[in-house]
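Student: I have a new structure open and would like someone to walk me through it. Could we go slowly and start with a term I will need?

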Amino acid sequence: MSAGTTTLEQSTAPDKRSNGVGHSGEAAGMPPTDISNPAYFHKVVDCQWACPAHTPVPEYIRLIAAGRYTDAYMVNWQSNVFPGILGRTCDRPCEPACRRGRVEAEPVAICRLKRVAADNKDDIGALLPAKPVKKNGKRVALIGAGPASLTVVRDLAPLGYELVLFDGDRRGGGMIRSQIPRFRLPEEVIDEEVGYILDRGFVETRFGTRIESMKQLLSEKFDAVFVGSGAPRGRDLDIPGRSEAAKNIHIGIDWLSNVSFGHIEKIGRRVIVLGGGNTAMDCCRTSRRLGGEDVKVIVRSGFDEMKASPWEKEDAMHEGIPIFNFLVPKEFTHKDGKLTGVTFEKVVAKKDEKGRRQLLPSGEPDQHFECDDVLVAVGQENAFPWIERDCGIEFDKWNMPKVNEATFQSTNPKIFFGGDAAFGPKNIIWAVAHGHDAAVSIDKFCNGEDVAKRPPPMTHLMSQKMGIHEWSYDNAPSNDLRHKVPMREQAVALKSIKAEVELGFDRSLGYAETQRCLNCDVQTVFEANLCIECDACMDICPVDCITFTPNAPEPMLRMMLTAPAENFTQDLYVSTPLKTHRVLVKDEDVCLHCGLCAERCPTGAWDMQKFLLEMTHATEARCSRA
Amino acid sequence: MTWITKPKLHHPKLPVNALGFTHRDYEGAVSTLCAGCGHDSISAAIMQACFEIDLPPHRLAKLSGIGCSSKTPTYFLGQSHGFNSVHGRMPSVLTGANLANRELVYMGISGDGDSASIGLGQFAHCIRRGVNMVYIVENNGVYGLTKGQFSATADKGSKSKKGVSNPDSPMDMVSLALIAGASFVGRSFSGDKKQLVELIKAAIAHKGAAFLDVISPCIAFNNHAGSTKSFDYVREHNEAVNALEFIEGKEEITVDHDPGTTINVTQHDGSVLRLKKLAEDHDPTDRASVMNFIQRHNARGEIVTGLLYVEPDSEDLHDRLGVTARPLNALSDADLCPGSDALDKINAGLR
């Protein structure tokens, strides 16, 4: 058994936009793939590569399969801080990236498996970081108690920082608590996971007090300030009738947060939701639970162009909410100061001469929909009225602070931004990723180090061979199609704002779903000098991804393979020249990681090796150097 | 062998043939041979060839004897007919099956032990009779199942894994087939799938006894330095006489690229064997000169591969015997038992 743990300290952190693997593409053919570059194998693990926080997904899926829910939870907690919350609400960029979706119809239900870990774990109190014995004497202020700030707190607290967290609301969580409806995310889950950070005496909270002046805050002599105040302003719709019917026209995110905090408990019978994003979906589904019987979503764009995630649209339609497209709101109609409906102009999508999509009036008569209430969910914006423009932070022409994309530092070196406050509205998992990066920067800044120098990820590459045909991972992929998450009976679900709609996978369904994972982190590692070119791997490969061929420049080589490699976003693994001067080329695109190449290899030229990449957060970066 | 079954998931863009099948529809059970066995590559070539000529799997009958090679029919075309006979007796069973139903494609899979030792007589006579079949010898020069003794095709002076030299002369299966009258003779190497697939396709289209000697390294007992059937040795000494392109009759033949260096041989079914000549003094339609050619190159220690000999206007056992054109299972009682009048006529003819 050839086992080796390698730490690639010399390498750089993976670039989030390109694979960082240089293919010079010289005429003689492709250069051999450099697998010592952590970005190469990282990119093969599509889900982890796509996750902004680079959660090692296959690693925790295997732990769930083994019934080690607590361990699976902690792998998540390390990377994304809010496994139970994200397991219900994540925008899941990992799923469209999942390799399973390319070899079969649908990706692994990664997000819902995360919830299985959270639902079934034991008490994790003992596994959380201990309170530091010694303070390091640095004070950091954090504005806004949402996911970005909480991540910064989690990463910096064990290092001995004195952290002061400000929020206008009385409880921590930010938009997680204020904007996500309870039927998608129960309050206990928020309390638990926010509690792991706030209830351990790591941080001083000043809740219920809104920061009104950055200058005043800076005068309190903090060593650094983190702004994680989100994008709190819902965009309004300034069309005729807006002010006259104001009583029944509500801004979506404000309305949602009033519902969340119990200030609003009812809505009219007929409701129109304007907007096509995830907030609109939350608004319409919430309305159905607060007395709205006839709830419609009306959107300017076409159905496919809507910003909402496909599954959120599905969930809304499943609750009997129709979605109308290509209708632009023109006027709020009202009578005696009371809203009566909305008039829409019909549009069609056309491409202009530059090929850009445009919505042009169709010429058909306007359409009027009657309603009692309107929820406006047409986007949200950042707002920094409380940051004086002369406190060293430069703003751009869109009135957004200038923030470095890698370090999250503003032009005032001691002030950092993250989450929606940095680059506009995204989602929780991005806020977490920002928080990790900002924490690294803050820690470096407070220690007088160069914030531009980022700590490399930790990587391990270890053989999974246990015997001639035995691997320490379950290499036979299941043929099951994606399992559906059980839902609460609709009649019951629609009666209460607090009844969680999705019930989550139980243990056995969760196990079945884990078996669909292809273990993309168990890499096919090839040793060219051991190969005798017997073709056994090529013959057995169930997805025709292995070819022995003369080398050629990449575009040509891609067409010379057993099955053409037409997915250019996926790399080719090219060996050094073999005895016959050919090279081995493996198209990573649809590899099942079943290990049959390695099982049929007579000389051990192929081996299945688990590639584990862990991002280095502020905590580990500082501790490993100490 | 492997412990998991080959996953059903396949490449989403696999080409399909005229029957709507992908090459994966031509698979059999997962091989239980040693990892890296040349025989598995030959099985893969057979599957590829059958896929490319759109052969409905149930139209193939695969027959074998005993040995590593004779296990392989299980590992390809799981939807076809198969018969695993006693050691060295596959040719008789194949001949009988072929006489009974001439409409199937017959493929005899054998090894150097099964055909050059215990079955030598059966091999020679089956070829001599011109049975319409593809006879493939998966030739590794060693008795793998009994752990590595020299077989009858091991070259004189070739070394065993333990370092012992072989004192005996080898059987050259290709020469033997030519002497016995095979009308299609080729040699290939399990490590050269491109050549092998074309040869198998051409052999299936051929009418009469088509013989293919395929050198197939035994990864466990005959792939060391000193062996003349190892991957390295065969690659170093491989002299391809031609590059074959098999063109099915239904395809239109476009203009010949290189007259002089390319010859086209049209077989009885209209298929064309386009041969790009690689050896100057090789004429694949002249039996005597081919035998001469092979002996000359054997003496130089070269392993000649490619389509060595083909007789375009070949005939088979059925032609020679003048038997009914229909499979026996398609004959009615009236055909089989024509009545006493017919019997009287026959008897009268013998008086």
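Tutor: Let us begin with one term: a residue is buried if 20 or more other C-beta atoms lie within 10 Å of its own. Please keep in mind that this is a predicted model.

Student: Okay, which residues of helix 19 of chain A are buried?

Tutor: In helix 19 of chain A, which covers residues 507–514, the buried residues are A:Gly510, A:Glu513 and A:Thr514. Seen down the axis of helix 19 of chain A, these buried residues fall within an arc of 105 degrees, so they line one face of the helix.

Student: And what covers the buried residues of that helix 19 of chain A?

Tutor: The cover over the buried residues of helix 19 includes helix 3 (57–65) and helix 8 (110–120), both of chain A.

Student: Zooming out, how many helices and strands are there in chain A?

Tutor: Chain A has 23 helices and 24 strands. Its radius of gyration is 27 Å, close to the 25 Å that the globule rule gives for 626 residues, so chain A is as compact as a globular protein of that length. Along its principal axes, the C-alpha trace of chain A spans about 90 × 65 × 50 Å.

Student: What share of the residues in chain A is buried?

Tutor: Buried residues make up 49% of the 626 residues in chain A. As for the contacts in chain A with a separation of 6 or more, 73% of them are accounted for by residues 24 or more positions apart.

Student: Switching to the two chains together, how many residues does the contact take from chain A and from chain B?

Tutor: The contact takes 30 residues from chain A and 24 residues from chain B. On the side of chain A that touches chain B, helix 7 (100–103), helix 20 (536–540) and helix 22 (596–600) of chain A each supply at least two residues. By class, that side of chain A has 17 nonpolar, 4 polar and 9 charged residues.

Student: Now chain B: in what order do the 8 strands of its open sheet come?

Tutor: The order in that open sheet of chain B is 2-1-3-4-8-7-13-9, and the pairing is mixed. Strand 2 and strand 9 (238–240) of chain B are the edge strands, each pairing on one side only, and the twist averages 20 degrees from one strand to the next.

Student: What is strand 1 of chain B joined to by 5 bridges?

Tutor: Those 5 bridges join strand 1 of chain B to strand 3 (residues 105–111) of chain B, and the two run parallel; here B:Leu60 stands opposite B:Val105. Another 4 bridges join strand 1 to strand 2 (residues 81–84) of chain B, also in parallel, and there the bridge partner of B:Ala61 is B:His81.

Student: How many residues of strand 1 of chain B are buried, then?

Tutor: Strand 1 (residues 60–64) of chain B is mostly covered, with 5 of its 5 residues buried. Both faces are covered, with B:Leu60, B:Lys62 and B:Ser64 buried on one side and B:Ala61 and B:Leu63 buried on the other.

Student: Last one: which strands of chain B does helix 6 lie across?

Tutor: Helix 6 (residues 173–180) of chain B lies across strand 4 (133–139), strand 7, strand 8 and strand 13 (303–310) of chain B, and runs at about 170 degrees to strand 7. Strand 7 (residues 184–189) and strand 8 (residues 209–215) of chain B pair in the parallel sense over 6 bridges, and the bridge partner of B:Arg187 in strand 8 is B:Asp213.

Technical notes:
Residues are numbered from 1 along each chain as its sequence is written. Chains are lettered from A and ligands numbered from 1 in the order in which they are written. This is a predicted model: local features need pLDDT of at least 70, side-chain atom pairs count only at pLDDT 80 or more; totals for chains, interfaces and linings use all residues. A residue is buried if 20 or more other C-beta atoms lie within 10 Å of its own, exposed if 12 or fewer, and partly exposed in between; C-beta atoms are placed from the backbone. The arc is that of the directions from the helix axis to the C-beta atoms. Two residues are in contact if their C-beta atoms, placed from the backbone, lie within 7 Å. Ala, Val, Leu, Ile, Met, Phe, Trp, Tyr, Cys and Pro count as nonpolar, Asp, Glu, Lys and Arg as charged, and the others, Gly among them, as polar. Two strands pair if DSSP finds at least two bridges between them. The radius of gyration is taken over C-alpha atoms; the globule rule is 2.2 Å times the number of residues to the power 0.38. Axes are lines fitted to C-alpha atoms, for helices over the stretch in contact, and angles run from 0 to 180 degrees between N-to-C directions.
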